[in-house]
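Please find my notes on this structure below. They cover pockets, salt bridges and one surface patch.

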Amino acid sequence: MSINIESLAAEINRTLASYARQTEETVDVIAEKKASDGVELLKDNSPKSPMGGKYAASWDYKKVGKKFVIHNKKHYRLTHLLEKGHAKVNGGRVAARVHIAPVEDRVINEFKEELRRGLSE
C-alpha cells in the first residue's frame with residue numbers, strides 16, 4: 001500500500017480513531033459481562049435469612065455514564081451494616097459478614113485479565 005505525504009496525517013487519525021472505537025467497544029462488552037458475573041456471585045455469596053433471602057436476591061447492575069455499577073436495589077441500607085458489622089441497641093456488636101469485598105476483588109482481577117486478552121487480539 002502506498003500513501004502520499006499529504007494524506008499521511010489523515011490516515012493516521014483514521015487508524016487511531018478506529019482503534020479507539022474498537023477498544024471502547026471491547027471495554028464495554030467486558031465490563032458488562034463482569035458486572036453480570038459480579039451480580040451472580042453476590043447473589044450466591046450474600047447472607048440469606050431463614051425467611052427467604054430477599055437481600056441476596058435483589059443484587060443488580062446498571063450503567064451510569066460509561067461505568068457499570070453493581071448495587072442492591074431494594075436493601076441498599078443493609079449492605080454497609082452487613083459488610084462492616086454494627087452496634088446493637090443494648091450494647092455489644094453484630095459481627096461483620098464480609099461478602100462484597102471478595103467479590104469486588106475477584107471481578108476487578110478478572111476484568112483486568114480479560115481486558116489484557118481482549119486488547120491483545
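**Notes on the model**

1. Arg14 and Glu11 are three residues apart in helix H1, so about one helical turn separates them. Helices here are DSSP runs of H or I with at least four residues, strands are runs of E with at least two, and both are numbered from the N terminus. The two side chains form a salt bridge, with the closest N and O atoms 2.8 Å apart. The term salt bridge means a side-chain nitrogen of Lys or Arg within 4 Å of a carboxyl oxygen of Asp or Glu. Glu11 is partly exposed, at 24% relative accessible area. For that scale, buried is under 20%, exposed is over 50%, and partly exposed is in between (1.4 Å probe, protein chains only).

2. Some ground rules. This is a predicted model: local features need pLDDT of at least 70 and side-chain atom pairs count only at pLDDT 80 or more, while totals for chains, interfaces and linings use all residues. Residues are numbered from 1 along each chain as its sequence is written, and side-chain values use heavy atoms, with hydrogens and water left out.

3. How many salt bridges does the structure hold? There are eleven. Side chains of opposite charge can pair when their charged atoms come close. Lys33 pairs with Asp37, the closest N and O atoms being 3.4 Å apart. These two are four residues apart in helix H1, so about one helical turn lies between them. Lys33 is partly exposed at 42%, and Asp37 is partly exposed at 25%.

4. Lys34 and Glu114 also meet in a salt bridge, 3.2 Å from N to O. This pair links distant parts of the chain: Lys34 sits in helix H1 and Glu114 in helix H4, 80 residues apart. Lys34 counts as buried, at 4% relative accessibility. Glu114 is buried too, with a relative accessible area of 18%. A network of salt bridges links Lys33, Lys34, Asp37, Arg106, Glu110 and Glu114.

5. The largest pocket has a volume of about 340 Å³. Of its 15 lining residues, Ala31, Ala35, Phe68, Val107 and Phe111 are the closest to its centre. A pocket is, on a 1 Å grid over the protein atoms alone, an open set of points where a 1.4 Å probe fits, with protein on both sides within 12 Å along at least five of seven lines; lining residues have an atom within 4 Å of a point. Volume is the space filled by probe spheres set on the points.

6. Which elements line the largest pocket? H1, strand E2 (67-72) and helix H4 (100-120) each supply at least two residues. H1 gives the most, with six. The lining has nine nonpolar, no polar and six charged residues. Ala, Val, Leu, Ile, Met, Phe, Trp, Tyr, Cys and Pro count as nonpolar, Asp, Glu, Lys and Arg as charged, and the others, Gly among them, as polar.

7. The second largest pocket has a volume of about 160 Å³. Its lining includes Pro47, Tyr55, His75 and Arg97. Helix H2 (54-57) supplies the largest share, three residues. By class, the lining has six nonpolar, three polar and three charged residues.

8. Ile3, Ile5, Leu8, Ile12 and Leu16 make a nonpolar surface patch of about 450 Å². Patch residues have over 30% relative accessible area and no salt bridge, and nonpolar side chains are joined within 5 Å. Leu8 lies in helix H1 (residues 8-45) and is partly exposed at 35%.

Terms used: Patch = residues over 30% accessible without salt bridge, like charges linked within 9 Å, V, L, I, M, F, W, Y side chains within 5 Å. Areas by Shrake-Rupley, 256 points an atom, 1.4 Å probe, with all protein chains shown as cover.
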